[in-house]
Amino acid sequence: MKNQGGVDQMSKVTMEATTILPILKKKLAFLSGGKDRRSGLILTIPLSSDQTSMEELSATLDYLLSIPSEKCKARGFTVIVDGRKSQWNIVKTVVLMLQNVIPAEVSLVCVVKPDEFWDKKVTHFCFWKEKDRLGFEVILVSANKLTRYIEPSQLTDDFGGSLDYDHNDWLNKRLVFEKFTKESTSLLDELSIINDGDKSSSVEKDKSADCALLPSFDPETVLQTGHELLSELQQRRFNGSEGGGGGGGGGGGGGVGGGQGGPAWRPMEEELLAQPQVMKLLDSLREQYTRYQELCRQRNKRTQLDEIHAKVMQVVTWLQGPGSELLKTHQAIGDSMRTAQALQQKHEEIESQHSEWFAVYVELNQQIAALLSAGEEEEVVELKALQQQLSDVCYQQAAQLESRQNVLQAAQGFHSTTQELSQQLDGLLGMLCADVAPSDGASIQQNLKLLEEKLQTVEAGLTSLRQKGALLLEQMCSQPSWPLEETESPAGEQQDNVQHIQAVMEEMQLRKQRCEDMVDVRRLKMLQMVQLFKCEEDALQAVDWLGELLDALLKTHVRLGDDTHEIRTMLDKHRKFVDVAQSTYDYGRQLLQATVVLCQSLRCTMRSSGDTLPRLNRVWKQFSVSAEERQQRLELALSFHTAAERVLQEESVEVESLDDVDSSGKTLLDRLTMPVVFPDGSEQYFGSPSDTAAAAEGVRERLLLVEERRLQLQEARLHNDGVEEALHMQESRLDVIGEELSEKEDQDEEEEEAVAEGQQDEDLERATQDC
């Protein structure tokens with residue numbers, strides 16, 4: 001066989017350490033690796049005080065002597081028999097046994113004796129006399145004189161040398177070497193049989209034959225063990241080269257020697273020979289293992305190709321068969337949001353079934369891609385064909401799934417918008433059917449705004465519905481067609497779907513149009529109601545304005561002026577003031593007339609504005625009476641001041657003129673103390689008592705001037721009649737005037753109190769009426 005050359009050096013080893021491992025552990029004999037001066041190996045036999053089994057010692061010697069090479073044996077062995085702890089007869093027996101076991105290989109036997117025990121025995125038995133019969137020289141020597149024959153560096157510390165030797169370590173490393181040699185040789189034979197047998201076997205093999213491809217040992221483990229062994233052998237050789245000196249010897253085994261390698265250690269020749277043997281085994285093993293890996297790779301690739309082909313056909317068969325049928329039989333879009341969601345759930349189940357096969361597709365695609373990168377030309381063509389077939393079917397099915405998903409999403413959007421729009425139309429219709437009974441114009445405006453917002457929402461919803469419907473129709477029309485369509489049911493179902501979509505949009509358009517018509521009617525009615533409330537509010541405002549004008553007239557329009565010019569100015573302002581009040585009254589009546597028309601249009605029989613017209617008329621009558629009274633007072637004041645100014649300016653005045661002025665002033669003063677009597681019998685004074693007194697004060701001052709003028713005239717007349725009479729009359733006249741003024745002041749105070757009490761009664765009456 002091809003590997004025979006790699007193990008020819010090891011084939012001579014017929015005994016394995018594992019068979020006599022208990023014996024070897026006893027250390028009955030060992031090769032320390034030391035060498036004599038002839039470069040022969042040193043074999044040490046340490047005898048103990050216990051009885052030594054010759055059979056075990058013989059087995060140990062047989063094993064140890066099988067390790068060195070023939071070249072090494074030819075240089076002869078130096079045997080050290082350590083009898084310091086044994087009996088002389090045992091020593092003799094061992095020396096004689098060497099004659100039978102290794103007579104030709106032994107050059108010298110050194111028997112290490114006790115210092116005093118054997119001196120007398122030497123004369124009775126001398127091994128040197130038996131040299132011709134034994135075949136080797138035997139000398140008795142003390143341990144301290146052993147260095148005469150062997151260098152101390154080649155002796156162990158038991159004999160005073162410096163050579164390191166660990167028997168347990170040597171034994172363990174020896175077991176490793178033998179194990180590697182055995183396993184590698186067996187593995188090489190198995191791999192050679194497997195590799196050579198594959199050439200003659202058929203390409204198509206039964207899968208059960210694959211079991212024969214498995215060797216008894218793991219090649220990776222064996223190779224790793226060999227590399228570690230080779231590395232340690234090379235390290236020992238390197239360390240030995242550094243130590244220098246000495247050449248070939250025995251002991252230590254063909255594997256690995258003992259210890260860490262002291263300064264006197266020398267690699268034995270057999271160890272140097274073991275390195276190329278291990279290297280040769282490793283090279284052969286790597287070669288056969290590489291061929292084995294290639295064989296397994298080819299078979300695995302073929303098996304993988306067959307598996308991929310089977311999986312591809314399985315995926316293609318399902319997608320083109322049950323998968324396609326699932327999609328073909330589910331083409332509906334539903335007639336409501338609920339049915340659309342049920343269809344979506346069913347589609348998700350179909351997608352879940354497909355996703356399992358798509359996962360297989362992805363895995364297969366990755367496997368095919370990996371094989372394509374390292375496949376042969378024939379395999380590449382086959383793989384590409386499978387990949388193309390698989391991709392075409394998967395992409396086509398994925399496109400169908402995506403298209404169906406898009407249709408279902410568009411259908412859900414369409415049904416959702418339809419449902420929302422229907423609810424919005426129902427809400428708008430409910431609002432239109434409800435009676436409108438707002439309490440004020442603001443609530444009507446709010447209702448009108450809400451109505452417009454709902455209408456805009458419906459319009460936006462209908463626009464969105466049209467868009468969603470167009471999108472759904474587009475998605476349905478853009479669905480990819482099925483190859484070799486066998487049934488017409490999907491096409492017929494699609495036509496039904498299109499008709500359903502169009503019917504829904506038409507129905508929503510009609511409902512929206514009906515609501516728009518009703519909204520127009522409701523909008524007109526609500527605008528009229530807004531106008532009605534506005535007219536009522538403005539009419540009430542006109543009443544309030546007129547009341548404010550009346551209040552201002554009675555409280556602030558009290559003064560009568562100090563001269564004719566000022567009175568004429570006040571008359572002009574009074575007329576303008578009355579004109580404003582007249583415009584306010586006319587505006588209020590027009591608004592109330594408009595409310596009557598609107599109420600008739602809206603068929604409102606009971607409105608809160610029914611008492612507004614009586615209030616307006618009542619306030620206007622009160623204002624008219626008050627304004628007339630104010631007008632008359634101003635005219636009286638103008639007449640009084642005009643006459644007074646005339647008599648005061650003229651040089652010659654008739655007494656009758658003075659009497660007329662005096663009478664006119666008194667009449668004016670009396671008029672100021674009188675209240676305004678309204679049509680309902682209530683009374684109201686102009687201003688406060690202080691304001692009335694201030695207005696009367698101006699009149700009185702003018703009367704005093706007139707009276708002084710009268711006195712001046714009388715003085716002139718009495719000048720002739722006599723001063724005393726004139727003075728007497730003047731004093732009497734002044735007394736009368738003083739008394740009149742005192743009485744007038746008392747009367748004014750009483751009138752003020754009466755006016756205050758009348759004002760309080762009137763305010764209370766108004767508050768009662770308002771409540």
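These legends walk you through several close-up views of the structure above.

**About the model.** This is a predicted model, in which local features need pLDDT of at least 70 and side-chain atom pairs count only at pLDDT 80 or more, while totals for chains, interfaces and linings use all residues. Residues are numbered from 1 along each chain as its sequence is written, and side-chain values use heavy atoms, with hydrogens and water left out.

**View 1. The largest nonpolar core has 79 residues.** A nonpolar core here is a set of buried Ala, Val, Leu, Ile, Met, Phe, Trp, Tyr and Cys residues joined through side-chain atoms within 4.5 Å. Buried means under 20% relative accessible area, exposed means over 50%, and partly exposed lies in between (1.4 Å probe, protein chains only). Look for Leu428, Leu472, Leu546 and Phe623, which touch the most other members of this core. Two or more residues come from each of helix 10 (377-433), helix 11 (441-477), helix 12 (489-556), helix 13 (564-602), helix 14 (612-649), helix 15 (655-672) and helix 16. Helix 12 is the biggest contributor, giving 20 residues. Helices (H or I, at least four residues) and strands (E, at least two) are DSSP runs, numbered from the N terminus.

**View 2. Glu459 and Lys512 meet in a salt bridge.** A salt bridge is counted when a side-chain nitrogen of Lys or Arg is within 4 Å of a carboxyl oxygen of Asp or Glu. In this pair the N to O distance is 2.3 Å. Glu459 sits in helix 11 and Lys512 in helix 12, 53 residues apart, linking distant parts of the chain. Glu459 is partly exposed at 31% relative accessible area, whereas Lys512 is buried at 7%. Glu516 joins these two residues in a network of salt bridges. The whole structure holds 20 salt bridges.

**View 3. Arg671 and Glu629 form a salt bridge.** Their N to O distance is 3.0 Å. Because Arg671 lies in helix 15 and Glu629 in helix 14, the pair ties together parts that are 42 residues apart in sequence. Glu629 is buried, with 12% relative accessibility.

**View 4. Asp551 pairs with Lys555 in a salt bridge.** Here the closest N and O atoms are 3.2 Å apart. Both residues belong to helix 12, and because they are four residues apart, about one helical turn separates them. Asp551 is partly exposed at 30% relative accessible area, and Lys555 is partly exposed at 48%.

**View 5. Glu697, Glu701 and Asp735 are among the residues of a negative surface patch.** Patches are made of residues with over 30% relative accessible area and no salt bridge, with like charges joined within 9 Å. Two elements each give two or more residues to the patch: helix 16 (689-721) and helix 17 (723-770). The largest share, nine residues, comes from helix 17. Glu750, one of the patch residues, lies in helix 17 and is exposed, with a relative accessible area of 55%.

**View 6. Lys27 and Ser39 each have a positive phi without being glycine.** For Lys27, phi is about 60°. Lys27 is found in the loop between helix 1 (21-25) and strand 1 (30-35), and is partly exposed at 27% relative accessibility. Ser39 has a phi near 70°. Ser39 is in the loop between strand 1 and strand 2 (41-46), and is partly exposed at 28% relative accessibility.

Terms used. Patch = residues over 30% accessible without salt bridge, like charges linked within 9 Å, V, L, I, M, F, W, Y side chains within 5 Å. Areas by Shrake-Rupley, 256 points an atom, 1.4 Å probe, with all protein chains shown as cover. Lys, Arg positive; Asp, Glu negative; His and termini not counted. Charge placed at Lys NZ, Arg CZ, Asp CG, Glu CD.
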